[in-house]
Amino acid sequence: MESRRATRGGAPTVSSSGVVPGPAETAKRGRKSTVRNRTPSPPPARKASPGRKASPSRGKRTSPTRKASPARKASPARKASPARKASPARKTSPVKKSSPGRPPKSNPTKDTTTTKVSPDEPRRSARIRISEQREKSPVLKRSLRDKQLSIILDDEESSKKGSPAKSTTPNTSQRSIVTTTGRSRATGSRSVSVANDSQEFSDHEEIEFQSFHKDDNGLNRDKAYARRSASKQLHDLRDYGGNWGAAAVLLLVPAFIFLTNHFCSGAAHRDCSFKLPANLDEFKTLSTYFNREVGVIFLLFTWGMALVTALPVGKAVKIVDEVRGQQSYTFTGMSCAVFTGLAVFVAEYCYKYPLISTISKGYNQLLVISLAYALVTALLAFIKSRYVPQVNWNPFAKTGRFLSDFFIGREINPLAFNTLNLKLVHYHISVVLALLFNSIILYRNLHFPALPVTEEPLSLLEKLTFTFKNLEFEPTPVLAASLTILYLLDLLAYEHHLTHSFDLQSEGFGALLLLRYAIFPFTLTLLPKYVAAHKLAGVPGWALALVALVALVGLVVKRSSNRLKYQYRLNPLGEKFIDLETLPTFQGRRLLVAKLWGRVRQPNYVGDILQNVALLPLLYWRFAWPPLLAVLFTVALLVHRAVRVNDRNAKKYNSAWQRYCSTVRYMLVPKVF
């Protein structure tokens, strides 16, 4: 009874052991009595968050809110950084339900966020808010010095607190992270927000990594990289070495062609050697380079070729190109040759105009006029290309340098009046002019007999029979001119085989192509002209037969390979090509690996080379440097063109062309090149 009164009055009670119980023992007894009486006091109601939905099984009952202990609040390692809260990868896990009597577990090394945040509210850290305010308000923008002072003050505050471990919370003005050992170091490295990484950097990063800023140096870096890559692509697409190569070709090639032809023309240079005369007045006079009468003849001839080329009287071919779409060509080469022959006949025999002698005497002047005309036409074509969309330009003439683009040619197939193909016009001028030169050589080396005078007029058949029986000729010049004429007639008769050629589909209409067309008649005619001037009567018959055999073999090789390529490109799925071996490409095409195209990569150029070198053995009986150099120059052009075609195919077909080259290893000569 006394003990009960003392307890009720508030005096300390004494246990049976005589020891006064402490506060912890009293709390324990209180809990036991509470459990024994089964009348627990109701827990405080838990506030429901806006984003938390009540479970139907729970009803209106809410779980008590777990309060963090004072030690947990005071722990510096358990503080969540603003960047850690804003990081989208650090989503808060839902609050685990814990029993009322079990205290929450605390782990000072593991950072877990227990606060339930509504998904409707954006999670923003203090660092993001400060940066946004700084962007909106110029007053809040701090200088580099202010940021450095802020870092120093933050370091001093963290050192004054005397925490056992430095805080891993990043500074709002600096992205430098002071990590600790163990798991806190990994936690600090993960606590940087992804959003903040793209907005702000530390002072040192602003100095050392300025190229990452998109507003200034990043764009400059991207522009510099784009310029370097564009210059590399232009370097890959550059032909003849750019401006320097174009300037060298434009100066050296016309000079070389003029000198080789000048020293083989006229009575003063009959020996055809590079010997300067004692008097150099011939190089100072204008008549050496230009003749008005020859210029008028050349202009009339050019206009005539343009008119005949525009007529729809040839073979029409339509192709579909993956870049330029559908294209149609009308090849009128033979019509141009017939028109030229009729014009010469009318001028000589109807109007008694000495056209043949005028052309023969003005051979050098005609060469200079052709070169000047080629350069002027290339300049006009370059000016015309400025009014053409750049999509239709030659990709190898987009360097932006005048000389290089003027040399290569910006347009592939320019049209005049939307109908006349200028490339075909100048091709006809070149080939038909060469045909005219060699026809004159052949005509002058044929000695026609005079017809007998009879009482009754002879019929046409009788005249032809008498002329053929009594015809006299020089065998060597006639053979040289005849083989050259056969070569040119083949080019005109099968001109439609050019549809898928490099010249028509890839070569630009510039100074390079036009100069080649301008010098072609003169380089091809120089050797027959030299042979006709010196007759070369001592050449044996077996040598002439060998020359003819080589020329005919070259003609067969060139024409058979071009015919196979032309027919295959027009209809690759035809019955003729079912058994032919081909190699597929990623562009949807197939490369021929059959017949001559399986032996070498450019058999058509092999035929051209054989036809050009066929006449070289004739120089054994009378040697001269200019004709030899002219033939070698033509061969060098053909070899260089084959190399250019190979390089462009390698860029176009990539790995497929490498496989093709591993199958067809040689370009022109088996086992050699």
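Contact here means heavy atoms within 4.5 Å. Keep that in mind as you walk through this predicted model.

**Stop one: helix H11.** Select residues 242-262, which make up this helix of 21 residues. From its first C-alpha to its last, H11 reaches 30 Å, close to the 30 Å expected at 1.5 Å a residue. Now colour the buried positions of H11, among them Gly242, Gly245, Ala246, Val249, Leu250, Val253, Ile257 and Phe258. Pro254 belongs to that buried set too, as do Thr260, Asn261 and His262. An α-helix has 3.6 residues a turn, so residues three or four places apart point the same way. What do the buried residues of H11 pack against? Show helix H15 (363-385), helix H16 (402-408), helix H21 (511-534) and helix H24 (625-653), and you have the partners in view.

**Stop two: the disulfide.** Next, pick Cys264 and Cys272, whose sulfur atoms lie 1.6 Å apart and form a disulfide. The count for this model comes to one disulfide.

**Stop three: Thr476.** Move on to helix H19 (residues 475-493), where Thr476 has its place. Thr476 is buried, with a relative accessible area of 1%. Leaving aside neighbours within four places in sequence, display its contacts: Val531, Lys535, Leu536, Val539, Leu544 and Leu618.

Definitions and conventions: Residues numbered from 1 in each chain as written. Predicted model: local features only at pLDDT ≥ 70, side-chain atom pairs only at ≥ 80, totals over all residues. Heavy atoms only, no water. Helix = DSSP H or I, 4+ residues; strand = E, 2+ residues; numbered from the N terminus. Expected span 1.5 Å × (residues − 1). Buried < 20%, exposed > 50% of the residue type's maximum accessible area, 1.4 Å probe, protein only. Disulfide = S-S within 2.5 Å.
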